[in-house]
Amino acid sequence: MGHDDLIRQRVLVTGGAGFLGSHLCERLLAAGHDVLCVDNYYTGRRSNIEHLLGNPRFETMRHDITSPLLVEVDQIYNLACPASPVHYQFDPVQTLKTCVLGSINMLGLAKRTKARIFQASTSEVYGDPLVHPQPESYWGHVNPLGPRSCYDEGKRAAETLFFDYHRQHRVDVRVVRIFNTYGPRMHPGDGRVVSNFVVQALKGEDITVYGDGDQTRSFCYVDDLIEGFCRLMNQDATIGPVNIGNPGEFTIRQLADLAIELTGSRSRLVHLPLPADDPRQRQPDISLAREALGWEPTVSLREGLARTIAYFDTLLGERARI
């Protein structure tokens, strides 16, 4: 517990109705804070926060952070941004605007209110890495012109803004680089590998594996990730960037096999060509998180996947009844 956990704070969560945002809102309310959830519902969903609406310390506002926001807060978690290729490539200009203009607006708010501000950055800042696993000191290997660049370069520019506001205006910043995260409330149509495989397995459809399935990913369960966020936010020694993710590395094929096993599905694997700029390897070096925050993931892939499957099973059941 950091000192900030003990004091009731007014906390703004942008993207608060999203997958990660809704879990963070829940966690902050449980710690006794007042939470203002801001979302434009581009990828966030009301159903993710419905169960929080009765809480008198929870408030929600429809707003796009590419426009300024005037509120009084003590802490800001900036999570607003479509985060899967399907969503961020649908309107790449808006994605870049959310990263850049959104960061400028939130940093301006932090500067005015003297709030501590957190940026949800991404492992995508490393691009298709030439260094494995990726430490925070690695500058990355990024294509500035490809279909994923709106997100990769948007998030890189956002980090630049955070550090410049810190140096130039003494804004109190924290920056986390998020690696693949999964869990309940993932968007079923986000095109991410965990949600794709789970939905396909539950429906008994063919499981689509891009390439040979030997590319690796590291999967962090959402509760572990949110714990990392709060630990970084509630300490004073480290501003980041800090990698938060699970260093356990799995091939895409191993994930598909586990999804089939845990759902008892009859799905078969079907191989499709790899999309552009798809990284071959992704694995965080979390030495800094271990050292500075005493953080490491605790939920195994098997356990986390079982909880995620239960969520999607319910979701698909509800949709079938409509």
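Pro 241 sits in the loop that runs between H6 and strand S11 (242-244); helices (H or I, at least four residues) and strands (E, at least two) are DSSP runs, numbered from the N terminus. Pro 133 belongs to the loop between strand S5 (116-122) and helix H4 (149-169).

A word on the model itself: it is predicted, so local features need pLDDT of at least 70 and side-chain atom pairs count only at pLDDT 80 or more, while totals for chains, interfaces and linings use all residues. Residues are numbered from 1 along each chain as its sequence is written, and side-chain values use heavy atoms, with hydrogens and water left out.

## Positive phi in the loops

Most residues other than glycine have a negative phi, and most peptide bonds are trans. Lys 114, in the loop between H3 and S5, has a positive phi near 60 degrees. Lys 114 is also exposed, with a relative accessible area of 74% (exposed means over 50%, buried under 20%, partly exposed in between, using a 1.4 Å probe and protein chains only).

Arg 170 isn't a glycine either, yet its phi is positive at about 60 degrees. You'll find Arg 170 in the loop between H4 and strand S6 (173-178), and at 74% relative accessibility it counts as exposed.

Among the buried ones are Phe 19, His 23, Cys 25 and Leu 29. The end C-alpha atoms of H1 are 17 Å apart, which agrees with the 16 Å that twelve residues should span; the expected span is 1.5 Å times one less than the number of residues. After H1 comes Gly 32, with a positive phi near 95 degrees.

H1 (residues 19-30) packs against H6 (residues 222-233) at an angle of about 65 degrees, with the axes 10 Å apart. Axes here are lines fitted to C-alpha atoms, for helices over the stretch in contact, and angles run from 0 to 180 degrees between N-to-C directions. On the H1 side, the contact includes Phe 19, Leu 24 and Arg 27, and on the H6 side Asp 223, Ile 226 and Phe 229; contact means heavy atoms within 4.5 Å.

## Helices H5 and H7

H5 (residues 193-203) and H7 (residues 252-263) pack at about 35 degrees, with axes 9 Å apart. Residues meeting across this pair include Val 193, Phe 197 and Leu 202 in H5, and Ile 252, Leu 255 and Thr 263 in H7.

## Cysteines and Thr 95

Cys 150 is buried at 9% relative accessible area, and Cys 220 is buried at 0%.

Cys 150 also turns up among the contacts of Thr 95, along with Cys 81, Pro 82, Tyr 88 and Tyr 151, leaving aside neighbours within four places in sequence. Thr 95 lies in helix H3 (residues 92-113) and is buried, at 1% relative accessibility.
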